[in-house]
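I set out to record what I looked up in this model, entry by entry.

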Amino acid sequence: MSTSAAMQPVAEPATGTAAPRPARRITGFMPLIALVALVAALTIADPDFLTTRSLTAVLRTAAPLIVLAAGATLVVLCGGIDLSIAALASLTTVLLALWLPDLGGLTTPMVILVAAAIGAVQGAAHVLLRIPSFVVTLGGMSILSAVALVVSGAGTVRVVDDSTVKWLELYVAGYVPMSAAMAIVVVAVIALVLKVTPLQSWISATGYSESAARLAGTPVDLVKIGVFCASGACAGFAAVMLVSRQYSGGPTMADNLLLPAVAAIVVGGTAITGGHGSVWRSLAGALVVTLLRVGLPIVGVPSAYEQILYGVIIVVAVALTLDYSKISIIK
């Protein structure tokens with residue numbers, strides 16, 4: 001009798017979400033529709049846009065954003081948020097530039113491991129201290145930004161020998177940037193791991209209802225620490241991509257990617273309330289956001305309006321993907 005009573009709150013959200021199911025199917029195609037519409041609009045505005053050179057530039061620009069958004073998507077699927085990804089990526093670019101002369105080829109895996117460890121520490125703070133992820137990562141963003149400034153001497157750290165990261169600037173089949181190919185590989189690996197392990201059901205269960213997931217035996221705390229660790233590792237790899245392109249590390253190099261990463265996640269259709277979405281959708285969302293960044297100057301919109309556009313996109317996308325059944329339950 002007590003078991004059925006415990007399961008009753010889980011059944012109610014299912015009935016509450018049955019009605020908007022067709023709308024959810026439509027929102028699932030939003031990233032692809034927006035992607036096609038943007039390509040068409042930019043091609044009309046500039047016929048030279050739909051060329052190999054332009055599309056290659058878009059893919060190179062999108063690669064770090066795709067990786068950042070993929071890692072942060074896991075945190076959002078758990079019902080949290082990671083606001084420190086951009087600051088962590090900036091710090092990692094500095095560490096990479098500083099360590100390259102001494103560590104050589106070991107620098108890339110080393111900085112990714114360090115970034116993953118920092119992410120895990122933030123996840124542990126969120127879980128063990130019961131502090132909301134928003135607060136933990138907001139504080140982490142400030143701390144990491146300050147550490148990056150101190151370590152770098154508040155300046156750019158030049159990379160003298162970039163031979164160990166230069167491979168990311170190569171091309172696959174002569175057309176596809178290696179960085180873009182690796183970004184897709186990262187998304188594919190994450191998606192595959194989720195599919196062939198219980199992680200997908202654990203993450204979805206945690207995002208839908210943490211209390212119900214705990215009752216069902218899901219290792220919620222370990223799952224949360226794990227997704228923050230993965231988010232940190234993705235931020236570290238995104239930093240490697242940035243260094244390979246800029247030939248330097250900087251304490252604010254990735255800071256302008258935070259809002260685009262959040263926008264990519266919500267535009268991709270991942271519910272900010274957790275439990276619904278995928279890393280593949282975030283990949284599509286990242287391409288949409290990148291096309292917007294590239295397309296604004298083409299259509300004559302000043303770059304100063306870019307942040308305003310991101311804010312509008314985030315609000316609209318959240319409104320379309322929000323799981324209102326959770327809000328009604330909380331109320």
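**Cysteines**

I looked up Cys234 and found it buried, with a relative accessible area of 7%. The model I am reading is a predicted one. For Cys229 I noted 28% relative accessibility, so Cys229 counts as partly exposed. I then searched for disulfides, and the count came to 0. Cys229 is in no disulfide, and its nearest cysteine sulfur, that of Cys234, is 9.8 Å away. Cys234 is likewise in no disulfide, with the sulfur of Cys229 as its nearest cysteine sulfur.

**Helix α8**

I traced α8 over residues 178–196, which is 19 residues. From first C-alpha to last, α8 reaches 26 Å, close to the 27 Å expected. I listed the buried residues of α8 as Ser179, Ala180, Ala181, Ala183, Val186, Val187, Ile190, Ala191 and Leu194. What covers them? I found that the cover includes the helices α4, α9, α11 and α13, together with β2 (171–172) and β3 (176–177).

**Helices α9 and α11**

I next took up α9 (199–208) and α11 (220–246), both among the elements that cover α8. Their axes lie 10 Å apart, and the packing angle is about 105 degrees. The two helices are therefore roughly perpendicular to each other. On the α9 side I recorded Trp202, Ile203 and Thr206 in the contact, and on the α11 side Val220, Val223, Lys224 and Val227.

Definitions and conventions
Residues are numbered from 1 along each chain as its sequence is written. This is a predicted model: local features need pLDDT of at least 70, side-chain atom pairs count only at pLDDT 80 or more; totals for chains, interfaces and linings use all residues. Side-chain values use heavy atoms; hydrogens and water are left out. Helices (H or I, at least four residues) and strands (E, at least two) are DSSP runs, numbered from the N terminus. The expected span of a helix is 1.5 Å times one less than its number of residues. Buried means under 20% relative accessible area, exposed over 50%, partly exposed in between (1.4 Å probe, protein chains only). Contact means heavy atoms within 4.5 Å. A disulfide is a pair of cysteine sulfur atoms within 2.5 Å. Axes are lines fitted to C-alpha atoms, for helices over the stretch in contact, and angles run from 0 to 180 degrees between N-to-C directions. Angles under 35 degrees count as roughly parallel, over 145 as roughly antiparallel, 65 to 115 as roughly perpendicular and the rest as oblique.
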